[in-house]
Amino acid sequence: MTENTNGTLTSLRPRVLSGMRPTGRLHLGNYMGALYNWVKLQHEYDCYFFIADLHALTTDYADPTSLRESIRDVALDFLSAGLDPEVCTVFIQSHVPQHAELFTLFSMFTPLPWLERVPTYKDQQEQLREKDLNTYGFLGYPLLQAADILLYQPDYVPVGQDQVAHVELTREVARRFNSLYCSQPTQAIVKAREDHSDKEILTAELSANNVVTGILPEPKVLLTPSPKLPGLDGRKMSKSYGNAIMLSEPEADLRAKLKTMVTDPARIRRTDAGNPDVCPVFDLHKVFSTEEKQLEVRQGCTTAGIGCIECKGWLADSIVREIAPIQERRRALEADPGQVDAILWDGSARARHRAIQTLQHVRQAIGLE
């Protein structure tokens, strides 16, 4: 990280930004679906990773009693999994108030249909029927996500295939902002302004296609590996399904949970041959076990050479081997809460420094400064 003559922070590496909602301790799906990739990306990019506590309030506003503890748990998992505060910036979203201000400014020009068409908007309303989600905050969470991203002007946003739509909305917001506030006036724009016609001004500015220097670059999608990680019941691993194995799961509890995991439904007796390709246990082997062990499992399963209990024991060995060092680092961090506080304080300060620069340019473009 360097600082140029006008005080703007610059980096020789492309910038990446991503965040995660604090819903408590992370499970193996969270780890392999995002955090595992982040640990690798921090050595290749200028990375900003944040705990999205404001996003947690979009669905859990009625009962935030566990929010502080959840933030702490996620921070511990971030750091113990390998995010290095000397290499990347780790921070808490609400500790950077510019997120909320940019979200408010974006809300002034973002059409409602853009938010209503986001696929997860209606999906989550269906899945979370016990919650009252008829709120501005829940409708606007994709726009808050756009503000989260564009505030740091990243080159890339690492996501799985199912999250590409959110990044596309962010790109549309950036495009609309740049067209409205970074274009050189044309005759059509000047006339529309003289006529005080908002619709004509909008139409003229958006169709001018003469952005001089866009303040908010459109980030690109960085597709990261997102392996299939089933839970104990075979469905997608999720705390809401009660089928998750936690990243901080004690070994004895982990082994006990895996013994209850569903397997190939056609393999009823120990002497029956199984089919690993339809077995959720083997899906986890493909993520955590070596290729040699996977071959051994496949051979033993298809010939009835091993039973499901033995197969699950091998899987437990592989998972424990992966997460034991993470758990050891977590225990060390839990014993030194002051260190965690200092990391989050420093990371949030660094994030604010970057965010203030972007917001200053945004405010100048809009006419607030």
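The model is predicted: local features need pLDDT of at least 70, side-chain atom pairs count only at pLDDT 80 or more, and totals for chains, interfaces and linings use all residues. Residues are numbered from 1 along each chain as its sequence is written, and side-chain values use heavy atoms, leaving out hydrogens and water.

Next I looked up the partner strand. S3 (residues 15-20) pairs with S4 in the parallel sense over 6 bridges (pairing needs at least two DSSP bridges). Val16 stands opposite Cys47 in S4.

I then checked helices H1 (residues 28-41) and H15 (residues 308-334), which pack at about 70° with axes 13 Å apart. That makes H1 roughly perpendicular to H15 (65 to 115 degrees). Leu28, Tyr31 and Tyr36 in H1 meet Ile319, Glu322, Ile323 and Ile326 in H15 (contact is heavy atoms within 4.5 Å). By class, this contact of H1 with H15 has 6 nonpolar, no polar and 1 charged residues.

Last, I looked up Phe138, in helix H7 (residues 136-139). Phe138 is buried, at 1% relative accessible area. Leaving aside residues up to four places away in sequence, Phe138 touches Thr58, Thr59, Tyr121, Gln124, Gln125 and Leu133. Thr59 is 79 residues from Phe138 along the chain, yet their C-alpha atoms are separated by 6.7 Å.

Definitions and conventions. Axes fitted to C-alpha atoms, helices over the stretch in contact; angles between N-to-C directions. Helix = DSSP H or I, 4+ residues; strand = E, 2+ residues; numbered from the N terminus. Parallel < 35°, antiparallel > 145°, perpendicular 65-115°, else oblique. Nonpolar A, V, L, I, M, F, W, Y, C, P; charged D, E, K, R; others polar. Buried < 20%, exposed > 50% of the residue type's maximum accessible area, 1.4 Å probe, protein only.
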